[in-house]
Every structure is written in structure tokens, then in C-alpha cells.
Amino acid sequence: MRVRFAPSPTGALHIGGARTALYNWLAARHAGGTLVLRIEDTDRERSTPENVEQILDALRWLELDWDEGPIFQTANEARHREVIEQLLDDGHAYRSTATAEDVKAYKERHGHDRGFRGEAEDEGAVRLRVPDEGATVVRDLVRGETAFQHVHLDDPVIARADGSPLYNLAVAVDDLDAGITHVVRGDDHYSNTPKQLLVLEALGAPQPVYCHLPLLHGPDGKKLSKRHGAASVQELRAAGYLPEAVRNYLALLGWGAADDETILSTEELVRQFSLERVQKNPARFDEKKLKWMNGQYIRALDVDELTRRLEAFTGRDGLRGAVEISQEKISTLADFWPLAGSLFDGPVDDPKAREQWLGPEGRDALAAARAVLAGLEPFDVAHVDEALRALVARREAKPKQVFQPIRVALSGTTISPGVFEMIVLLGRDETLRRIDAALA
């Protein structure tokens with residue numbers, strides 16, 4: 001098996017493009033095949049080096065390696081021109097100055113469902129000859145077989161008047177030359193397939209296996225866009241998702257594991273993946289579900305590994321203790337600092353939390369807690385837990401009437417790691433200092 005991922009570098013790698021890359025990668029790795037990375041950079045204005053680097057950066061972050069490439073489509077232009085001349089010489093193509101208005105007039109004379117047929121001229125753009133009889137049959141693993149009757153197809157333009165190739169010619173030639181056996185791409189390319197097959201047929205080349213992936217939708221069933229949340233791989237990374245969780249979630253968008261499992265390691269995805277099980281209906285990308293899955297991955301990480309990732313994500317070091325007491329409460333790497341940052345930078349300013357929990361009753365509970373903590377030995381989580389719960393019982397209070405004033409005094413807000421764990425991590429001196437500041 002030889003597959004290719006062939007993005008156009010006109011911006012960041014969209015989530016749908018990332019899924020296409022993943023499916024190609026999984027198919028190649030499952031079959032022990034080859035993944036070719038081809039950059040389709042024929043849009044000279046938008047295909048900038050910066051956009052190419054964005055795509056490579058996204059693939060590297062997703063840990064989707066490739067075996068050949070990146071190959072740039074523009075680098076093959078000499079080969080494309082050679083094929084165009086070959087098709088002209090063999091009578092499979094012709095030059096034509098016909099304009100869009102000429103095509104429209106032709107259809108008004110012959111019927112609007114009749115494909116345009118031009119006359120060969122000495123100059124003009126290059127059109128491929130489509131026979132009037134028969135059909136081009138697209139054999140697709142998702143859609144099945146579809147016959148495109150030749151009589152309805154226009155002679156497609158495959159090169160400009162200056163000889164520069166157009167997309168459908170370049171793609172067909174590049175796939176042929178790279179020996180691509182399976183073309184796995186988004187459903188938005190389906191309408192191009194008959195044109196590319198006509199080029200391959202004119203060259204006497206075999207048809208690859210096609211697998212057109214249904215497009216991704218948002219939770220509302222509409223085409224996925226920025227209004228649904230993160231739209232690119234870089235945005236997912238910035239939001240604190242783990243690459244292995246993203247791979248797992250994207251793999252399940254349009255492909256079903258044999259036993260309906262949800263959490264699948266990348267090794268297991270490679271073992272199970274099959275293009276034949278790609279589903280026909282559009283899948284829905286739901287960031288809430290991705291966040292849930294990401295939380296499962298975060299909680300499964302070793303504390304040292306999670307610490308390493310969080311230190312890289314936040315640019316801070318010395319986080320291990322805070323990571324250890326926060327791991328069960330975060331779903332993304334980005335959740336960590338809002339939860340635990342106050343342990344390092346001091347209490348945040350949350351007037352609403354102060355007003356709710358540090359009024360006269362809360363300050364009284366806080367002062368009582370201070371007295372308990374000041375003389376507590378040993379100063380560990382078990383003994384802090386026991387001492388403060390005993391204080392709750394003596395005061396005949398609800399736990400939150402004691403614990404929340406402490407939480408607000410230590411973190412400045414009501415969102416933090418566990419109170420007992422936070423007290424021990426800060427240590428007796430810093431805990432009492434923060435309580436004194438709150439009481440003052």
C-alpha cells in the first residue's frame with residue numbers, strides 16, 4: 001500500500017485535514033505500507049513557506065511521520081508539461097480558445113446536460129478529450145461505484161494557454177508517478193475524481209483505490225467551522241489537548257472500532273484500522289467529547305510525565321507537587337494554571353469569592369482553622385484532614401463553611417486543588433501567612 005497526504009499550504013492545518021492525514025497514516029502503518037507527503041503548492045500567492053511550516057508543525061505535533069517527502073507539486077512542473085505534450089501528440093488533448101461564454105452557448109445549442117466539446121485550434125488552453133460513449137466509473141470504498149456518463153462531462157481544461165498545468169492534471173500525474181495505490185481524501189474532492197481518472201485512462205494507467213471521507217460537521221450538524229471552537233491543530237495544541245488524545249478522538253470520527261471501544265491507544269488504532277470500515281455519514285466533531293477524552297488521557301499519565309508536559313506548556317518549572325494534587329481535576333493542560341497557579345503566584349483577586357466566604361462568619365471559621373494548623377504535628381495531609389474535620393464537628397458546621405474560607409484565603413478564589421493537599425504543599429508558614437493576610 002502506498003498512500004499520500006497532499007495538503008494545500010494556504011493556512012493552518014484544519015481539523016478535517018488532520019483527520020485525513022491520520023487516516024492515511026493509520027492505513028499505511030496498519031498495512032506496513034508507505035505514506036508520501038506531498039505539498040500541493042500550485043496556489044503561488046497563498047502557498048507561502050510559513051504556511052508550509054504550519055502544516056509540518058501540525059503533523060509533527062500529532063506525531064504523524066511520513067516516509068517520503070515533503071514533495072512539492074510545483075517541483076514537478078516539467079514532468080506535468082511533458083505529459084501535456086504527450087497527450088496533445090497522442091490526440092487525447094487539444095488546444096482551444098473557448099471561453100466560459102462559448103461553453104454556455106454550446107450547451108444552449110446542444111442541451112444543458114450535454115458536455116462541452118471543442119474544436120482543436122493552434123493556440124489556447126489545453127482540454128482533455130472526453131469520449132461521447134461510455135462512462136467513467138469511480139470505485140470508492142465509502143460511496144461504492146458511481147458511473148459518470150461521458151456525454152454529460154465537459155472536456156476539462158488541464159493546462160493554461162502558457163502550458164502551465166492545472167490541478168486535476170497535476171494530481172493525476174503525481175499520484176501515478178508516486179505509485180499511489182490508495183487515494184484517501186476529503187469528500188470535497190469527489191467531483192474532481194472523474195477528471196483525474198480520465199487523465200489516467202488517457203495515459204493507460206490503472207485506477208487507484210479511492211476512499212473519500214465524509215466531511216466533518218459541528219455538534220449542530222452544520223459544516224465544521226470556527227464557531228464550533230478550535231478549527232486547527234495549532235488551536236487544539238494551544239487549548240492544552242494531548243496529541244495522543246486528539247489522534248484517538250479524530251480516528252473515531254467516521255471510523256468505528258470493531259468492539260465500540262472509545263479509548264484506544266495509537267498502537268491499538270494501528271492494529272484495528274481499516275479503510276473498509278470508514279462510515280458514509282458525516283461525523284460530528286464535538287469539543288466537549290474531545291475534552292472528556294483528553295481528561296481520561298491526562299489522568300492516565302504518570303505524574304512525572306504530566307509534570308514534564310505541563311512545565312513545557314506553561315514555561316514554568318518546579319510544578320510536580322501542584323501537578324500531583326491537580327491531576328484529577330483537570331481535563332486539558334490549559335486547565336492547570338487557572339486551577340493551581342495561585343500556589344506559585346499568590347492568591348488571585350476574586351471579589352465575589354471574598355464577599356461570599358470571608359465575611360464575619362467565614363473569618364471566624366478561618367481564625368479557628370489558623371489556630372488548629374499553627375500547632376498541628378505532624379503537618380501532613382492525613383493529620384490536616386483529621387484536624388480540620390474535627391473543627392467542623394466542634395463548630396457543628398457544614399464542611400464548606402470551614403473549608404471554603406480556607407480555600408479563598410489560600411488561592412483567592414473558590415477554584416483550586418484540594419484544600420488539605422494545598423495546605424501541606426504550601427507548608428505551615430506560607431499557609432499561616434496567607435490566612436493572616438486574608439484576616440487582615
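Two strands pair if DSSP finds at least two bridges between them, and the strands themselves, like the helices, are DSSP runs numbered from the N terminus (strands are E with at least two residues, helices H or I with at least four). I note first that this is a predicted model, in which local features need pLDDT of at least 70 and side-chain atom pairs count only at pLDDT 80 or more, while totals for chains, interfaces and linings use all residues. Residues are numbered from 1 along each chain as its sequence is written, and side-chain values use heavy atoms, with hydrogens and water left out.

**Entry 1: the hairpin**

I looked up V138 and found that its bridge partner in strand 7 is T146. Strand 6 (residues 135-140) and strand 7 (residues 144-149) pair in the antiparallel sense over six bridges, and the two form a hairpin with three residues between them.

**Entry 2: A93 and its sheet**

I then turned to A93, which is found in strand 4 (residues 93-96). A93 counts as buried because its relative accessibility is 5% (buried means under 20% relative accessible area, exposed over 50% and partly exposed in between, with a 1.4 Å probe and protein chains only). Its bridge partner in strand 5 is L128, and strand 4 is joined to strand 5 (residues 125-128) by four bridges, the two running antiparallel.

I traced the sheet as an open one of three strands in the order 4-5-8, with antiparallel pairing. Strand 4 and strand 8 (157-159) stand at the edges with a single partner strand each, so one side of each has no neighbour in the sheet. On average, neighbouring strands of this sheet are turned by 45° against each other, direction ignored.

Leaving aside neighbours within four places in sequence, I listed the contacts of A93 (heavy atoms within 4.5 Å), among them L87, L88, V126 and I158. Helix 3 (residues 77-89) lies across strand 4, strand 5 and strand 8, and runs at about 95° to strand 4; such angles run from 0 to 180 degrees between N-to-C directions, with axes fitted to C-alpha atoms, for helices over the stretch in contact.

**Entry 3: two helices**

Last, I looked at helix 5 (residues 167-177) and helix 6 (residues 193-202), which pack at an angle of about 55° with their axes 9 Å apart. That makes helix 5 oblique to helix 6 (under 35 degrees counts as roughly parallel, over 145 as roughly antiparallel, 65 to 115 as roughly perpendicular, and the rest as oblique). The contact includes Y167 and L176 of helix 5 and K195 and V199 of helix 6.
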